[in-house]
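Trainee: I'd like to take a close look at one part of this model with you. Could you walk me through the side-chain contacts there, and then show me how they sit among the others?

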Amino acid sequence: MELSLDKLAGLYEHSPWIAEQALARGPFKSLAAFKRACAELLEAAGREAQLALLRAHPELVGKAGLSTSMLTDESSREQRSAGLQHCSAEQFARLQQLNRDYNARFGWPFILAVRGPRGTGLTRQQIIETFERRLHAHPDSEFQECLRQIHRIAELRLADALGEALAEGEQVWDWAEQLARHSDTPEHLTVTYATPAHRACAADLQRWMLACGFDSAEVDAVGNVVGRYRGEGEGERAQWLLTGSHYDTVRNAGKYDGRLGVLAPMAAVLRLGGRRLPVGLELVAFAEEEGQRFPATFLASSALTGGFRPEWLEQRDAEGLTMREAMQAVGLPGTSDAIAALRRDPARYLGFVEIHIEQGPVLDAALQPLGIVTSINGSHRYLGELRGQASHAGTTPMDLRRDALLGLAELALVVEGEAGRLGGVGTVGIAEVPNGSINVVPGRCRFSLDLRAPSDATRDALRDAVLGALQDIAARRGLQVQLQATVAARAAPSHPDWQARWEAAVQRLGLPLHRLVSGAGHDAMQLHEILPQAMLFVRGGNGGISHNPLESITAHDAQLCVDAFAQLWESL
C-alpha cells in the first residue's frame, strides 16, 4: 500500500523521523505492517532516543491548558476527545498534583492514549484512576508502558489520517460492552453457570447470531449457544469448521476472556453478508469453562467430546443446589441422556480453532497484536500439608527445629529452579500456617502446587523433580508429608496443519509470526480429544492482565483477529 510522509509526519509527537525511516522500508502489505516497522525502529533506536520521545509529549493539562501553544494540534484534539476541557476544579487540581508526583518519580510526563481502546475517549475518571495506578509502577515497566501508549496514540492518528475502517473490530468491542451489562452482582462483572445473568448472556448471543446471518442459533442441553452457518455443501457432503470459546466468567472479571472467541467469528459471518463458503461454520459459545459455581470445569465443551460425567449433575454449589437443579431452574433438561446426545461426530468436522485473549504479558511486551499458540500446557496440581513440630520461637535452637514453613519455603525455591531448568512453570499459590503465632515455630503448613509444561513429558519430568525434592526436604528436616493430587491434565499441542493455517492467515495480514505456549487451560484442550485444533492469541492491554476488570483489547486488535479468522476460514 502507498503511504506518504505528508500525512504521517505527526504520528509521533515532534518526531517525524520515525515515520520517515519506516516509510523507507516500504512498500507495505498493510497498515499493520507499517506500524510494526515503526515499532521496530523505535526499539532499535535505544534508550536515549526513546526517552527523548517520552519527554516530547505534553502533560495532561486539563481546562484552560488545552488552549495554550504547549500542545500539538493532535494532542489538543485527543485531550479534548476525553473531555479534559470540562474538568471540575477538583479533577483539575488532582491532575496537576499527579503530574507533579509522576514527573518527580519517573522524570518524564505521564503518557496515555486518552482516546482509549475503542478510540472514542476515556472518561475523566478513568484517566485519573489509570494515572493513580501507574504512579506506583516500577520505573522500568512504566517506561515500557509509556512506549506502548505512544504506539497506540500513533495507531489512532494513523487511522484518522487514512480513514481506516474498523467495522468488525468496533462491533466486537461494542458487543463485549453490551454483554458485560449482565452480571450476577452489581458491583463487578461476574457471570457463573446457570444464573439469570448467564441466561441473559445466552439470549443476547443467540439473538446476535441470527442477526449476523447464521442459519440457526440454538441453546443446547448444557446452555451452549450453537450457531450454524451453512457452507456450499449439502447433506452428507457438507463440511464444517468448529470454533468457539466460553461466555461465563470468573468473579470480578474482565470483558474479553472467552467471549472474544465467540464475538470475532460472529463478526466474520456478519461481514460475509450471506455469501457462502465451501466449508460451513459451527460456532459454539460454551456455557462454562471457569469452574466458578461447580467444580466440573469444562463441563460445556466436555459435552461435545463425550467427556461429561453423569455424576457431575449431583455436584452442589455454595448454596447447596445441585447442578441438575440449577440447570432445571433455568429451563435446561438436566439429564445425562440429553447431555450425552450433544456428543459430536468428528467425521463431520475438519477441525477446531479458538481465538482467545492471551491472558499474559508476552504479546503486549513484544508489541505484537496476534500470536500463534504452539501448545496448551498440561498440568499437575496438588494440595498438601507439611507437618513438623510447633515449638517456642525463643527457646528452640535453629538446628533442632522441625519448621514446616521453612520446608515449604525451600520447596518453593525448588519449584522455581526446576520449572526454569525444564521449560515449564510452577507456582506455590497457597501457603497457610494454621493457628500461626508470632512466637511459635510453625508446626504445620498447608500448600498448593501447580506445575505446567507444554508437553506431557516435560510436565511429568517437572512433577518428578519437585516431588522427589519434597521427599528429600521432608526427610532432612524431620517433616511428614501429606499430598493429594487434584488435577492431571494432558498437554494439547496444536495440530501442525492447523497451526500452519493460522500462521498463513497472520502473514497475509502483513504481520510477523510470534509463536508462544498457552499457560492457561482453554476449551480447545477438550476438543483436542476428538479433533485437530489450534489457537490464535490476541494481545491484552495493561500488561496483558486478565481475570481482572483491567483486562482490555483495542478495536484495532479485534479487527485483526476477525481478519485472521476470515482468512483461515476462506482458505479451507
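Which residues form one aromatic cluster with Tyr102?

Mentor: Happy to. Please keep in mind that this is a predicted model. The cluster that holds Tyr102 also takes in Phe106, Trp108, Phe110, Phe131 and Phe143.

A search of the whole structure finds 13 aromatic pairs, and Tyr102 with Phe106 is a tilted one, with 4.5 Å from centre to centre and 50° between the planes. Both residues belong to helix H6, where four residues, about one turn of the helix, separate them. In general, an α-helix has 3.6 residues a turn, so residues three or four places apart point the same way. Tyr102 and Phe106 are also both buried.

For a pair with another geometry, look at Phe308 and Trp312. Their planes stand at 75° with the ring centres 5.1 Å apart, so this pair is edge-to-face. Phe308 is buried at a relative accessible area of 11%, and Trp312 counts as buried at 12%.

Aromatic rings also meet charged side chains here. Arg276 lies over the face of Tyr229, 4.3 Å from the ring centre. In the case of Trp498, the charged end of Arg501 sits over the ring, at 4.3 Å from its centre.

The structure holds 39 salt bridges, and one of them joins Asp174 to Arg118, with the closest N and O atoms 2.9 Å apart. This pair links distant parts of the chain: Arg118 is in the loop between helix H6 (89-106) and helix H7 (124-134), whereas Asp174 is in helix H9 (residues 167-179), 56 residues apart. With a relative accessibility of 24%, Asp174 counts as partly exposed.

Arg539 and Asp557 form another salt bridge, their closest N and O atoms being 2.6 Å apart. Asp557 lies in helix H20 (residues 555-571) and Arg539 in the loop between strand E16 (533-538) and H20, so the bridge ties together parts that are 18 residues apart in sequence. Both partners, Asp557 and Arg539, are buried.

The side chains of Asp450 and Arg452 meet in a salt bridge as well, at 2.8 Å from N to O. Arg452 is buried, its relative accessible area being 17%, and Asp450 is buried at 16%. Charged side chains can also be joined in a network of salt bridges, as with Glu385, Arg387, Arg444 and Arg446.

H3 is mostly covered, with eleven of its 15 residues buried; among them are Leu31, Phe34, Lys35, Arg36, Cys38, Leu41 and Leu42. You can check its length too: at 1.5 Å a residue, the 15 residues of H3 (residues 31-45) should span 21 Å, and the end C-alpha atoms are 21 Å apart, which agrees.

How values were computed. Residues numbered from 1 in each chain as written. Predicted model: local features only at pLDDT ≥ 70, side-chain atom pairs only at ≥ 80, totals over all residues. Heavy atoms only, no water. Salt bridge = Lys/Arg side-chain N within 4 Å of Asp/Glu carboxyl O. Helix = DSSP H or I, 4+ residues; strand = E, 2+ residues; numbered from the N terminus. Buried < 20%, exposed > 50% of the residue type's maximum accessible area, 1.4 Å probe, protein only. Phe/Tyr/Trp six-rings, centres within 6.5 Å; stacked < 30°, edge-to-face > 60°. Lys NZ or Arg CZ within 6 Å of the ring centre and 35° of its normal. Expected span 1.5 Å × (residues − 1).
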